[in-house]
Amino acid sequence: MRKLPLALLLMAAPAAAQAPAFPAGEGQATVQAACAACHPPAIVASKHYSADKWAEVVDQMVGKGAKVSDADYDVIVNYLAKTYGEGK
């Protein structure tokens, strides 16, 4: 078995440690900032809710401390419904 130099392994570690991003789309950066601290994209992607249900989920997360401004609320709900809505 061949061993990789330690320096090579250490250089690769930061890239591997970065959280995956949510898919591109209008509102992606807002969702990344508001949701990714607690939820990896794979968890969110496993849900396929209507816009009304996503609004309920965002309300619940705000109740648990998620930092979502009034200006970002609709952006987040619209992104989630469009990207992870029913039938997606």
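This is a predicted model: local features need pLDDT of at least 70, side-chain atom pairs count only at pLDDT 80 or more; totals for chains, interfaces and linings use all residues.
**Entry 1**

I looked up the second largest pocket and noted a volume of about 150 Å³, where a pocket is an open set of points on a 1 Å grid over the protein atoms alone, with protein on both sides within 12 Å along at least five of seven lines. Grid points are joined across faces, edges and corners, and a volume is the space filled by probe spheres set on the points. Residues are numbered from 1 along each chain as its sequence is written, and side-chain values use heavy atoms, with hydrogens and water left out.

I then listed the lining, meaning residues with an atom within 4 Å of a point, and among them I found Gly 25, Glu 26, Tyr 79 and Lys 82. This lining has three nonpolar, four polar and two charged residues, where Ala, Val, Leu, Ile, Met, Phe, Trp, Tyr, Cys and Pro count as nonpolar, Asp, Glu, Lys and Arg as charged, and the others, Gly among them, as polar.

**Entry 1: the largest pocket**

I noted about 380 Å³ of space in the largest pocket, and 22 residues line it, with Cys 35, His 39, Val 44, Val 57 and Met 61 nearest its centre. The lining divides into 16 nonpolar, three polar and three charged residues. At least two lining residues come from each of α2 (28-35), α3 (41-45), α4 (51-63) and α5 (70-84), helices being DSSP runs of H or I with at least four residues, numbered from the N terminus. I marked α4 as giving the most, with five residues.

I checked α2 and α5, whose axes (lines fitted to C-alpha atoms over the stretch in contact, with angles from 0 to 180 degrees between N-to-C directions) come within 9 Å and cross at roughly 105 degrees. The two helices are therefore roughly perpendicular to each other, a term for angles of 65 to 115 degrees. Their contact, meaning heavy atoms within 4.5 Å, includes Val 31 of α2 and Tyr 79 of α5, and its residues divide into six nonpolar, two polar and one charged.

For α4 and α5, I found axes that come within 9 Å and cross at roughly 130 degrees.

Methods:
On a 1 Å grid over the protein atoms alone, a cavity is a set of points where a 1.4 Å probe fits but cannot get out, and a pocket is an open set with protein on both sides within 12 Å along at least five of seven lines; lining residues have an atom within 4 Å of a point. Angles under 35 degrees count as roughly parallel, over 145 as roughly antiparallel, 65 to 115 as roughly perpendicular and the rest as oblique.
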